[in-house]
Amino acid sequence: MNNMGTVLIRGLMGLSIGVFILLIVMPLLALLYNIGLNLNVSINYQDILGPLILSIITSLISTIISFFIGIPLAYLLTYKELPFKEVFDIIINLPLVIPPTVAGYLLLITFGKYGLIGYPLNLLGITIMFSTFAIILAQTFVALPFMVRSVKTSFQDIPPSLIDASKTLGAGEYEIFKEIILPLSKPGIISGIILTYARAIGEFGATMMVSGLLSTLPIAIFNNAQSGNREVANILSLILILISFGILALFKRIGHGKLKKN
Amino acid sequence: MIVLDNISKEFNRQMVLNGINLSVRDREIMVLLGPSGCGKTTLLKIIAGLIKQDRGSILINDESMDNYPPQERNIGFVFQEYALFPHKNVYENIAFGLKIRKLQESEIKSRVNEIMEILEIQHIRNKRISQISGGQKQRVALARALVIDPCVLLMDEPLSALDPVLRERLREELREILKKLGVTGLYVTHDLTEAMLLGDGVAVMNKGVLQQVGKPDEIFYHPKNEFVAKFVGVKNILKGTLLNLEKDNAIIEINNNNLKFNIKVKKYPIFERVREISLCIHPEDVMLENIKNMEEIFKKYPRDYNIIRGKVIDIIPNGSLLKVTVDIGPLDLYSITTRNLLDYEIGDEVIVLFSKEASHPLCGKKCGSNKKRSCKCRI
C-alpha cells in the first residue's frame with residue numbers, strides 16, 4: 001500500500017512537471033524561437049518604444065494614485081469603525097474578480113461622453129475617455145485592490161498593544177500613524193507598490209475598452225499579433241515578460257527580507 | 001491616589017466588570033490578583049483610557065479621568081508582552097513619550113539617561129529590541145513607562161513572559177525599584193508569590209467582581225470566601241455546623257458526618273451569630289504522621305490537637321515541597337510537607353493533625369483583633 005502511495009505521488013509530481021513544461025516553459029521557448037527566426041526582419045522601433053513608454057508612464061502614475069488612495073483606504077478598513085464595513089471591503093476588492101472588460105464597460109458608462117460623470121464634464125469641455133488619462137483610470141481601477149489588500153494585511157499584522165502603548169505615551173492619531181504604523185508596514189507597502197505596478201502594466205481588457213487609438217504594451221501586442229506583425233509582437237512580449245520577471249524577483253526579495261526580519 | 005468608583009463593563013452582553021470599587025493610596029502598589037479572563041486587564045485598560053467603561057468613574061489625584069483620552073491621562077503602562085517598538089532601538093523606545101511631549105533634545109537625553117541608570121540598562125541603549133533578552137525587555141518597558149513621570153503606573157503581568165528563574169530574580173528587583181521611586185500603581189498578576197511580594201495591598205478578582213481587598217497577609221491568612229481561599233492555595237475548606245460554643249472553644253461537625261473538630265474562636269465573633277460555617281485550613285498547618293508512631297504522636301503533640309485517621313491518596317512534588325492528599329472520610333485534606341519528613345507512601349494509613357488555632361472562618365477579617373471595627377463577616 002505504501003509503495004502504491006509512493007508511486008502515485010511520484011506519478012502526480014511527474015505529471016505536474018510535464019504540464020508545467022507544456023504550459024509555461026514551452027510558450028516561453030516558443031517566443032525565444034520566434035524571435036530567433038525573425039532576427040533578420042527590420043523593425044520600426046517606434047512601434048516598440050511608443051507602447052513601452054506609454055505603459056511605463058501610465059502604470060507609474062496609476063501606482064502613485066493607488067498608493068495615495070490605497071493607504072488611507074487600508075487605514076480606514078483596519079482601524080475605523082464604519083457602517084457596512086464588510087460591504088465596503090468587498091466593493092474595494094471587486095475589481096480583483098470581475099472581468100476586466102466589465103471594468104472597462106463600467107468606466108465607459110461612468111466617464112464616457114454620456115456617462116454619469118462624463119456627461120456633465122463633457123458639457124464643461126472636459127473629455128476623459130479614449131485618452132492617456134482614461135488608461136490611467138482603467139489601470140488604477142483594476143490595480144487598486146492589490147495596494148489596499150497588501151497594506152491592510154500589513155496594518156493588521158501590527159500588534160494592537162503597540163498602538164495602545166503609543167497612546168498611553170501620549171501619541172495622537174497622526175503620530176501613531178507616522179511613528180508606528182507606517183514604519184512597521186513598510187514591507188507591505190513596498191509589496192503593494194510592486195504588485196500594483198505589475199497589475200497595471202499588464203492590464204489589457206479594461207484599458208482596451210477606454211484607450212481609443214492609444215496602445216499600451218499589452219494592446220500593442222494584441223494589435224500586432226492580429227495584423228501579422230509577429231516580429232514586433234515577439235519583442236513587445238519579451239519586454240513585458242522581462243519586466244514581469246524583474247517585478248516578481250523584486251517582490252520575492254522583499255518578501256524574503258521581511259521573513260528574515262521577523 | 002487612584003479611586004475606582006463602581007466601574008462596570010459589558011462585552012457582547014456579558015458582564016466583564018461588575019461594580020468595581022477600589023482605592024490605591026499614594027506610593028502604594030495594589031496588586032490585582034485573579035485567574036485569566038477575570039477582567040483584570042480590562043480594568044487596567046479602562047483606567048488607562050484604552051477602553052471606555054459603561055458605568056462608574058475613575059479619579060486620579062481627585063480629578064475625574066472619565067473624559068480624558070489615554071494621551072492626556074499621563075498614565076504609565078507596562079504591557080504583558082512589553083509592546084516595545086521593534087523598529088526603534090532601546091534609547092528611541094524609552095525616549096518616545098518625551099519626544100511626543102516635544103521636550104528639548106537635551107532634556108530628553110538627560111531623563112532617558114537617568115532612568116536607564118536606575119534600571120541599569122545603559123549598556124544596551126543602542127541595541128535593537130530583537131537583540132535584547134526578555135529581562136532586558138522588561139526593564140526597557142518599565143523605563144519607557146516611568147520616564148514620562150506618570151501619576152500612576154499600570155503593570156499588566158509584566159513578568160509572565162519570563163522563565164521562572166529570571167522571574168524570581170526580577171520580581172525582587174522590581175519591588176526595590178518601585179519602592180525606590182515611590183510609584184503609585186496597579187499591578188496585575190495571577191501569581192500569588194508576585195502578589196505577596198510586590199503588593200502593599202491585594203485585590204482578588206473573579207468573574208469581574210472584586211472578592212476581597214486587603215493587605216497580602218490578610219488575604220493569605222484570612223480569605224473571605226471559598227474562591228479567595230482556593231486561589232491563595234488554601235484548598236482545605238471545611239463546611240460544617242457549630243455544635244457547641246464555650247468561651248473561646250467551639251466544636252464543629254463537618255458535613256453532618258459525625259466528624260467533629262475543636263476550633264479556637266476567640267478572634268471570631270462570627271461564631272456567636274452563625275451556625276452553618278465554612279472554615280479554611282492552610283495545607284502547611286496540616287501535619288501527617290505515620291500510624292505506626294502512634295505513641296510518639298501523643299507525646300509530641302498537645303492534647304487539644306485535632307487528630308483524625310486518614311489514607312494517603314496522592315503525593316505530588318512541588319519544587320522542594322510535596323503536596324499530599326489524604327482521604328479522611330467525608331472529605332480530602334491537603335498537606336504540604338518536605339521530602340525529609342515523608343514517612344509514608346500512597347495507600348498508607350496516616351494520622352492527620354492540626355491545632356485548634358489552625359482553622360479560620362471564611363470571613364476575611366481577624367475580627368476580634370480590633371474592637372473598634374465592627375465585624376461585617378458574611379458567609
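**Legends to close-up views of the predicted model**

**View 1. Helix 1 of chain B against strands of chain B.** Helix 1 (residues 40-48) of chain B lies across strand 1, strand 2 and strand 4 of chain B, and its direction makes an angle of about 115° with that of strand 1. Contact here means heavy atoms within 4.5 Å; axes are lines fitted to C-alpha atoms, for helices over the stretch in contact, with angles from 0 to 180 degrees between N-to-C directions. Helices (H or I, at least four residues) and strands (E, at least two) are DSSP runs, numbered from the N terminus. The model is predicted: local features need pLDDT of at least 70 and side-chain atom pairs count only at pLDDT 80 or more, whereas totals for chains, interfaces and linings use all residues. Residues are numbered from 1 along each chain as its sequence is written, chains are lettered from A and ligands numbered from 1 in the order in which they are written, and side-chain values use heavy atoms, with hydrogens and water left out.

**View 2. The four-stranded sheet of chain B.** This open sheet has antiparallel pairing and the strand order 2-1-4-5; two strands pair if DSSP finds at least two bridges between them. Strand 2 (14-24) and strand 5 (63-64) are the edge strands, each pairing on one side only. Strand 1 (residues 2-11) and strand 4 (residues 55-60) of chain B are joined by 5 bridges in the antiparallel sense. Within this sheet, B:Ile2 stands opposite B:Ile60 of strand 4.

**View 3. The five-stranded sheet of chain B.** Here the pairing is antiparallel in an open sheet with the order 13-12-11-14-20. Strand 13 (259-264) and strand 20 (359-361) of chain B stand at the edges with a single partner strand each, so one side of each has no neighbour in the sheet. Direction ignored, neighbouring strands of this sheet are turned by 45° against each other on average. Strand 11 (residues 236-246) runs antiparallel to strand 14 (residues 276-281) of chain B, with 6 bridges between them. B:Ile237 has B:Cys280 in strand 14 as its bridge partner.

**View 4. A salt bridge within chain B.** The side chains of B:Glu157 and B:Lys40 meet at 3.9 Å, N to O; a salt bridge is a side-chain nitrogen of Lys or Arg within 4 Å of a carboxyl oxygen of Asp or Glu. B:Glu157 belongs to the loop between strand 7 (152-156) and helix 5 (164-181) of chain B, and B:Lys40 to helix 1, so the pair ties together parts that are 117 residues apart in sequence.

**View 5. The interface of chain A and chain B.** In this interface, 16 residues of chain A are in contact with 22 residues of chain B. The two chains bury about 1700 Å² between them, 69% of it on carbon and sulfur atoms. A:Thr168, A:Leu169 and A:Glu179 lose the most area on the chain A side, together 40% of what that side buries. Buried area is the accessible area (1.4 Å probe) that two parts lose on being put together, summed over both.

**View 6. Salt bridges and helices at the interface.** The rule finds 4 salt bridges across the interface of chain A and chain B, and A:Glu179 forms a salt bridge with B:Lys99, with the closest N and O atoms 3.8 Å apart. On the side of chain A that touches chain B, the elements giving two or more residues are helix 7 (160-168) and helix 8 (173-184) of chain A. Helix 7 gives the largest share, 7 residues.
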